[in-house]
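User: I would like to learn how to read a few features of a protein model. Please take me through them one at a time.

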Amino acid sequence: MTVGQPDAKRGSSEPLWRALAVFRFASLGYAMLRLAVIDRADYSRPDWAWAVIGVMTVWTIATTIAYARPDRRTRLLLGTDLAVTAGLLLSTALLQTPQAMRHGVTPVTATWLAGPVLAWAIRYGRRAGTVAALIMSGCDLALVRGAALSVVLNGVVLLLLAGVIVGHLARLAAEVEAERQHAIEVEAASRERERLARNIHDSVLQVLALVQRRGAEAGGTAAELGRLAGQQEAALRALVGGGLVGGGLVGSGTATGPAGGLGPGASGAVDLRAALLSAQTDRVTVSVPAQAVLLDKAAAGELASAMRAALDNVRRHCGEQTRAWVLVEDEPDLITVTIRDEGPGIPDGRLAEAAAAGRLGVSHSIHGRLRDLGGSATISSVPGEGTEVELRLPRGAGIPVARWPERP
C-alpha cells in the first residue's frame, strides 16, 4: 500500500474530496429511490431496509464532516469507513427476497458502496484504491447466488476501475501541485536575485567604478587604489552576473531599495515628479507635467531608479559634459518617461556584449525593473545621433490621473 502523501501536497486533492462528498450524497439518494420505487417488491424486510438507509445517511454526514479536515483523514477513519460500508452491504442478505438475490437486484447500498474505495484512492493512491475495491467486491460476491454472478462482475470491474483511475488522478494532482510550487519558488528566487543585482549595480558597483576612474585621473597612490577598485568591480560583476550573490542572499528579508530609491515593500500613491526632478542638473533637463503624476510609491521608486540608471550610462559612456533630456508623459492608463542624449549612440551588438560581460545597467537596472513592474523599456540608438530610452509603465489600479483643481 502506498505511503501517505506529504501534508504539503494534500491541497491538490481537495477538489477530489469535495467531489467524493457530492458522490456520496447523490448515491445515497439513488439508494433511496431504488428502495422506494424500483426494487420495492424485492425486499422481504423493507422496514429494516429503511433502517439501513438511515444508518447510511448518518454515516454519510459524519464522513463528509470528518474528511473535510486533512488531519482527520487517517487510516483508522478510512478503515472504519470501509468496515461500516461492508457491513451495510452484507446486510442485504437479510433484507432482500431469495428471488431478488438470484436475479442480482442491486443491494440496499446501491452505488453508495464505492465511497470508501474512492476515499482510499484519493488519500493513498491507486494501490490502496485497488485493495479497497477488492475488499468491497469480495463482500458483493458473497451475496451472489447462481446466475447473479455475471451481474455482480460488472460491479466488481467498475469498482476496480474507479479505485485505479481516481488513485492515479490523485497522484498526478499531487505531482502537478509540487511542480507548480517549485516553479513559483524558482521564479521568486530569480526575481529576488535580479532585485539584489540591481541594488548592487546602482550602489556598490557605481562607487567602485567612480573610484577606479578618479584614481586613474589622480595618479600616484590613488591610481593603485583605483586599480584595486577596478579588480573588485570586475569580480563583483562576475558574481552578480552569474547569480551567485543573489543565490546567497535570497531570503535575507531586505526591503531597502537603491540609493535614492524606494524599497519594493513601499506602498501608497506619490507624485512621481519629485523623484524625477531630483536628477536635474546643468547638463540634464527634466520636463514634467504641470499637475501631479500620481503613481504607486514602490513603482515610482523603481521607475526613478531606472531613469537614474539610464542617466548614469550617459555620463559613463558619453562623458560628464554630454547633455540629456528627460520627458514625462502622463496618460490615463500609461506613464511614459523618455531619456534622450546627444552622445555618439550605441554600436550594434554593444548591449548584448555588455550583458554577457556582466554589465547590468541596461539588462537589470532598466529592462529588469520595468519588466517586474509589468511595463517595458525600449532603447533606440543611431550611431552619431544619440540614444533614446523609453520607459513605459501601466498605471496601477486605483491611482487616477491628477487633474487641475476646479476654480471656485
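User: Which arginine lies over the face of tryptophan 112?

Analyst: A charge sits over a ring if NZ of Lys or CZ of Arg is within 6 Å of the ring centre and within 35 degrees of the ring normal. Here arginine 24 takes that place over tryptophan 112, at 5.5 Å from the ring centre. Arginine 340 lies likewise over the face of tryptophan 325, at 4.7 Å from the ring centre. A word on the source: this is a predicted model, where local features need pLDDT of at least 70, side-chain atom pairs count only at pLDDT 80 or more, and totals for chains, interfaces and linings use all residues. Residues are numbered from 1 along each chain as its sequence is written, and side-chain values use heavy atoms, with hydrogens and water left out.

User: How many aromatic pairs are there?

Analyst: A pair of aromatic rings is described by the distance of the centres and the angle of the planes. Rings of Phe, Tyr and Trp (its six-membered ring) pair if their centres lie within 6.5 Å; planes under 30 degrees apart count as stacked, over 60 as edge-to-face and the rest as tilted. The count is 2 aromatic pairs. In one, tryptophan 17 and tyrosine 67 are tilted, 5.1 Å centre to centre with 45 degrees between the planes. This pair links distant parts of the chain, 50 residues apart: tryptophan 17 is in helix 1 (residues 14-38) and tyrosine 67 in helix 2 (residues 46-67). Helices (H or I, at least four residues) and strands (E, at least two) are DSSP runs, numbered from the N terminus.

User: Is tryptophan 17 buried or exposed?

Analyst: Buried means under 20% relative accessible area, exposed over 50%, partly exposed in between (1.4 Å probe, protein chains only). Tryptophan 17 has 6% relative accessibility, so it counts as buried. Tyrosine 67 is buried too, at 5%.

User: What is the angle between the planes of tryptophan 120 and tyrosine 124?

Analyst: The planes stand at 40 degrees and the centres 5.5 Å apart, so this pair is tilted. Both residues lie in helix 6 (residues 115-124), 4 residues apart, about one turn of the helix. Tryptophan 120 is buried at 9% relative accessibility, and tyrosine 124 is buried at 5%.

User: What is the strand order of the open sheet?

Analyst: Two strands pair if DSSP finds at least two bridges between them. The open sheet has 5 strands in the order 2-4-5-7-6, with mixed pairing. Strand 2 (284-287) and strand 6 (376-381) are at the edges with a single partner strand each, so one side of each lacks a neighbour in the sheet.
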